[in-house]
Amino acid sequence: MHLVMIGGSDAGISAALRARELDSSAEVTVVVADAYPNFSICGIPYYVSGEVTHWRNLAHRTVADLEATGMALRLDTIARRIEVAGRKLLVTRPDGQDELISYDKLVVGTGAVPVRPPITGLAGPGALGPDDGVHMLHTMSDTFAVMRTIEDTAAASAVIVGAGYVGLEMADALITRGLRVTQVERLPEVLATVDAELGALVHAELAARGAEVLTGTTARQISRAPAGGAARLRVAAQTASGDALERMADLVLVVAGVRPDTELAAAAGARVGAGGAIQVDRGMQTGLPDVLAAGDCVITHHRLLGETYLPLGTTAHKQGRVAGANALGACAQFAGSLGTQVVKIFDQAAARTGLRHDEANAAGFDPVTVQAEADDHKAYYPGSHRITMRLTGDRRTGRLLGMQLFGHKDAEIAKRIDIAATAIFHDMIVQAMSDLDLSYTPPLGTPWEAVQLGAQAWDRATGQPAPDA
Ligand SMILES: Cc1cc2nc3c(=O)[nH]c(=O)nc-3n(C[C@H](O)[C@H](O)[C@H](O)COP(=O)(O)OP(=O)(O)OC[C@H]3O[C@@H](n4cnc5c(N)ncnc54)[C@H](O)[C@@H]3O)c2cc1C
């Protein structure tokens, strides 16, 4: 049995590891376009900031670790064509020669590529690129290019186009490195994955740390700055009211989201679905004989929304694991995503799981959203922090639909959102959150855990009987 995985990131490697774990006699080959298998691209901002001191430390596992599991790595090898009928994969080797690799089962984990927004100077003839200080960010090579700009040109200023979670992490990283940062975001508020009320708190944290945050502002053009000026690049933008503005910078980072990389699978006949991603069932089968797919290149089964596209590392790991098992003939199923995510912005963190109010509305629920505050631990014990939360439940059924949290990074925001994620995963009603037996000691918590207080605020707002105080 020869399994071939295309892609050396979360999905491809998870599939390969799982297959080798389940059957140590399975021959597993992983084809990777670059020389950096199993690197944590989620950690890139912390290498750029200097908190992770060497890029090699971003490897989840070294090449030797991976090979020790029994998988064969084909690095710097690009998959070109899938020959479905003959079960062959055409690749171009590092020496430039083409080769046909036979497989019994193939797992496509080609991931995603950065979205290139329609900004003049970013594409087409004469476009500016990494050598000019204009960057996208997805791979280790992208990271090295960013570091070259920062170090070789002693960059003092940056414009970041996009204020999603990667843009925010990079603002944190670049400011930590000492650069002046302007963040340009087309939408009315930063971090659109949470409601604007919490986005405004993130915005305030960025501003307090010295970032210039221009929301409702669309970058239109990137060009070289006039010679002799203080900076190398010029970014022209337009506000929502139509006013033009410009900023000079040594580095421009465009982080405007990703799109699934489906070229290879689509050319082989795979169907595409939500978000233009490869259509797969919960077993990660593409419908093409002997071809599975996982990670950022495929649609996401969402437990509340059905099929959507929600690329995340957590999901890619799980889907890869399912694909690896099923490539061996198992019947594993991806249980579905809730879009649970968390981001650190300097000393604060913002997290979400499930649906925001508008998303719940659009999905046909009858949502009620309340905002509440609570302490992360008893306020009399030193170092307590307030947590702001927004909880969305369905008025008709009382079902918990979503939660968003914002608070100090030491306030266990990530683990608290995981309480809500677990509750939503198991279809709990909001009121039942108060019944959960959660831990308490004054330095670490409160008798009613913060998210339970949020649930009780929702109960009050919707007229549900409160549990005994
Ligand atoms: C800066 C940053 C921070 C992030 N932070 C988080 C986070 O905190 N939490 C979270 O959950 N997610 C985070 N993510 C998202 C997460 O990294 C992705 O969801 C995850 O890496 C997807 O894994 P993947 O294997 O599907 O695809 P990718 O990581 O896109 O990898 C695709 C792989 O396929 C290879 N490949 C592509 N085409 C070919 C080909 N033709 N031939 C051979 N190989 C090919 C590539 O070289 C690569 O190895 C972050 C992403 C970035 C960029």
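Biologist: Hi! Which domains does the domain assignment give for the protein?
Modeller: Hello! This is a predicted model, and the domain assignment lists domain 1 (2-111 + 260-327), domain 2 (130-254) and domain 3 (347-461).

Biologist: Thanks. What separates the centres of domain 1 and domain 3?
Modeller: Taken over C-alpha atoms, those two centres are 34 Å apart.

Biologist: And how many helices and strands are there in the protein?
Modeller: The protein has 12 helices and 25 strands. Its radius of gyration is 24 Å, close to the 23 Å from the globule rule for 469 residues, so the protein is as compact as a globular protein of that length. Along the principal axes, the C-alpha atoms fill a box of roughly 70 × 65 × 40 Å.

Biologist: What share of the residues is buried?
Modeller: Buried residues account for 46% of the 469.

Biologist: Let's switch to the ligand. How many residues surround the ligand, and which are the closest?
Modeller: The ligand has 33 residues around it, and the closest are Gly7, Ser9, Gly111, Gly295 and Gly313. By class, the shell has 18 nonpolar, 11 polar and four charged residues.

Biologist: Which domains does the shell draw at least three residues from?
Modeller: Domain 1 (2-111 + 260-327) and domain 2 (130-254) each give the shell at least three residues.

Biologist: Nice. Which helices and strands supply at least two residues of that shell?
Modeller: Those are α1 (10-22), α2 (44-48), β4 (78-83) and α8.

Biologist: Tell me about α8, then. Is helix α8 mostly covered or mostly uncovered?
Modeller: Mostly covered, as 13 of the 15 residues in α8 are buried. The helix runs over residues 313-327 and reaches 21 Å from its first C-alpha to its last, close to the 21 Å expected at 1.5 Å a residue.

Biologist: What comes just after α8?
Modeller: Glycine 329 sits there, with a positive phi of about 100 degrees.

Biologist: Back to β4 for a moment. Is alanine 79 buried or exposed?
Modeller: Alanine 79, which has its place in strand β4, is buried because 23 other C-beta atoms lie within 10 Å, and the cut-off for buried is 20 or more.

Biologist: Which residues does alanine 79 touch, leaving out those up to four places away in sequence?
Modeller: Alanine 79 touches Ile6, Val31, Leu89, Val91 and Leu264.

Conventions. Residues are numbered from 1 along each chain as its sequence is written. This is a predicted model: local features need pLDDT of at least 70, side-chain atom pairs count only at pLDDT 80 or more; totals for chains, interfaces and linings use all residues. Helices (H or I, at least four residues) and strands (E, at least two) are DSSP runs, numbered from the N terminus. The expected span of a helix is 1.5 Å times one less than its number of residues. A residue is buried if 20 or more other C-beta atoms lie within 10 Å of its own, exposed if 12 or fewer, and partly exposed in between; C-beta atoms are placed from the backbone. A residue is near a molecule or strand if its C-beta atom, placed from the backbone, lies within 6 Å of it. Ala, Val, Leu, Ile, Met, Phe, Trp, Tyr, Cys and Pro count as nonpolar, Asp, Glu, Lys and Arg as charged, and the others, Gly among them, as polar. Domain bounds come from an automatic or database domain assignment. The radius of gyration is taken over C-alpha atoms; the globule rule is 2.2 Å times the number of residues to the power 0.38. Two residues are in contact if their C-beta atoms, placed from the backbone, lie within 7 Å.
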